[in-house]
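Dear colleague,

My notes on what was found in it follow below.

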Amino acid sequence: MQEVNYIGLGASAGGLSALQEILSNVPVPSHSIYIVVQHLSSDRKSMLPDILSKSTSLDVIEAQEGTELLVGKVYVIPPNMMLTQNKNLQLIVIPSKSKTAPQPNIDTIFTFLSQYSGAKTIGILLSGSGHDGVKGLRAISDVDGITLVQSPKEAEFKSMPESAIKAKVVHETLRLKDIAKIITELDSISDDETALEAIRILLINHNGFNLQKYKENTVLRRMHKRMLLLQIETLKCYTKYVIKNHKELQLLYEDILIGVTSFFRDKEAFEVLSKKISHLVQKNKNKKELRVWVTACSTGEEAYSIAIMLSELVEKSAKDLSINIFASDIDDVSLAKARQGVYTQLELKNIDKALRDKYFIQTNDDFEVHQNLRKLIVFTHHDLLNEPPFIKMDLITCRNALIYFTHSTQKEIFTMFHYALKTHGILF
C-alpha cells in the first residue's frame with residue numbers, strides 16, 4: 001500500500017507566489033495530503049483557495065470545522081482553526097483556542113502534524129517575516145520527518161526561512177522548483193529517473209556536483225551499493241535517508257567519483273607514450289618546456305607516474321627542458337592525498353626499485369615523493385565539465401573519467417581537449 005505523506009506548507013508575507021509555484025509542479029494524482037498554513041486575516045473571507053486552485057489540478061479546499069483531511073487534496077487552514085483527530089483517528093479541523101498567535105499558526109499546525117503522522121511528515125517553510133515555523137520544523141525533525149526551506153535568496157521575505165536555518169532545524173534549503181521535484185520523488189512510488197533527479201538536486205545543493213552528465217546506470221549502481229550497505233530496500237527510502245543525512249550525501253558523492261588509478265597503470269601504454277613524447281621533443285629542437293594536464297588525477301599516482309617518465313626522458317635527452325604538470329580533480333579528499341604524496345609499499349608495486357629509490361624517500365613503512373619530483377606538479381581543484389580548460393598543452397591524460405560520462409558529454413570533452421592541445425600535442 002502506498003505510504004501517505006502529510007505535507008505542511010507554511011508561508012506568510014510573500015508566500016502566495018511560492019505556494020502557487022510549488023502546487024503547480026506537484027504530481028497529479030497525488031498520494032499525499034497537503035496542508036497550507038498561511039498567515040491570514042480573520043476579518044475577511046480569504047480568496048486563497050480560489051487563487052491556488054488555478055495553479056493545480058488537485059482539489060484545493062478551505063477546511064471547515066469537522067472537515068476530514070483526505071489523500072490527494074490540498075487543504076487551506078483558515079484563521080482560528082486547528083487540527084486534531086477524531087474517534088476514528090482521522091485528521092480533522094477544529095476551532096483554535098489560541099487568540100494571540102498569528103492565525104493560523106505554523107508552529108502549532110506543524111507540531112500537531114509531527115505528533116499525528118511522525119516520520120511521514122514533511123514540513124516546508126516559505127517566504128515570510130518573523131519566526132513562525134521554527135518550533136514546528138524542530139518538532140518534525142525530532143520525529144524523523146523531513147524539513148525543507150525555501151532559499152532566502154529567492155524568498156520575497158527572508159526572515160522566516162533564515163530563522164529556521166539559523167536554528168539548525170532544516171534538512172535542505174532549496175529553490176522552489178527543486179522543492180517541488182523533491183516532493184514529486186517523496187510522493188511517488190519511486191522509479192529510477194525520479195530518484196536520480198531528486199539525488200541530483202541534493203548533490204547540486206550540497207556541493208555543486210551535477211549528475212546529469214554521468215551515465216545513469218553508473219550512478220544507479222553506486223546508489224544501490226550504498227543502499228545495500230545501509231540495508232535500505234527502495235530508492236524512495238534511500239532518497240529520504242539522504243535528505244536527512246548530509247554525511248551520506250558526501251559518501252555517495254565519493255563513491256560516484258571513485259578513482260581507478262595506480263602508478264604506471266598499463267605498462268605497455270606508458271612505453272608507447274614515452275616513445276611518442278621522445279619523438280615530440282626531438283622534433284622540436286628549440287623546445288624549452290613540456291606542459292602537461294593530467295585530468296581526473298584522483299590521488300596522484302598518474303600525475304607522479306607522468307612526472308617520473310618525463311624526468312627520465314629529459315635526463316636522457318640532456319636537454320634543458322622544464323616540466324610543468326597541472327593535475328586536476330573535483331574530489332578534494334583525493335587531491336589532499338595527492339598533494340601529500342605519501343604512498344604505501346603496496347601502492348608502489350608497479351614502480352621499479354631503482355625508480356622508487358630515486359624519486360621517493362622511505363619514512364617508516366611508507367614512501368614520500370621526493371621534493372624534486374613534487375615541485376613539477378600543481379594539484380588543483382577543477383571541474384572538467386564546467387570550467388575552462390588549461391591550454392597550450394603538449395600532453396593531456398584522461399584515463400579515469402570518460403567511461404562514466406554520457407556519449408554527448410564525451411564528445412564535448414574531446415572538443416575541449418582538441419582546443420587545449422598544441423599542434424601535434426598528444427592525448428593519452
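Please keep in mind that this is a predicted model.

Thr299 is in contact with Thr261, Ser334, Lys337, Ala338 and Tyr343, once its neighbours within four places in sequence are left aside. The residue sits in the loop that links β10 (289-294) to α12 (301-317), and it counts as buried because its relative accessibility is 16%, where the cut-off for buried is under 20%. Its side chain also makes a polar contact, at 2.6 Å, with the side chain of Glu301. As for Leu211, which is 88 residues away from Thr299 along the chain, the C-alpha atoms of the two residues are separated by 21 Å.

Turning to the sheets, seven strands form an open sheet with parallel pairing, and their order is β3-β4-β2-β1-β7-β8-β9. At its edges stand β3 (59-62) and β9 (172-174), each of which pairs on one side only, and neighbouring strands of this sheet are turned against each other by 20 degrees on average, direction ignored. Helix α6 (residues 176-187) lies across β1, β2, β7 (121-125), β8 (146-150) and β9, and it runs at about 160 degrees to β8.

Another loop residue to look at is His171, whose place is between α5 (159-166) and β9. With a relative accessible area of 14%, His171 is buried, and, not counting residues up to four places away in sequence, it touches Ser141, Gly145, Ile146, Thr147, Ile243, Lys244 and His246.

An open sheet of three strands, with antiparallel pairing, has the order β12-β14-β13. Its edges are β12 (342-344) and β13 (360-363), and because each has a single partner strand, one side of each is left without a neighbour in the sheet. Neighbouring strands here are turned by 35 degrees against each other on average, again with direction ignored. Four bridges join β13 to β14 (residues 366-369), the two running antiparallel, and Gln362 has Phe367 as its bridge partner in β14.

Finally, the cysteines: how many disulfides does a search of the whole structure find? The search finds zero. Cys398 is in no disulfide, and the nearest cysteine sulfur, that of Cys297, is 11 Å away, whereas a disulfide would call for sulfur atoms within 2.5 Å. Cys398 is buried, with a relative accessible area of 9%, while Cys237 counts as partly exposed at 43% relative accessibility.

Methods: Residues numbered from 1 in each chain as written. Predicted model: local features only at pLDDT ≥ 70, side-chain atom pairs only at ≥ 80, totals over all residues. Heavy atoms only, no water. Buried < 20%, exposed > 50% of the residue type's maximum accessible area, 1.4 Å probe, protein only. Contact = heavy atoms within 4.5 Å. Polar contact = N/O pair within 3.5 Å; in protein donor to acceptor, adjacent residues only side chain to side chain. Pairing = 2+ DSSP bridges. Axes fitted to C-alpha atoms, helices over the stretch in contact; angles between N-to-C directions.
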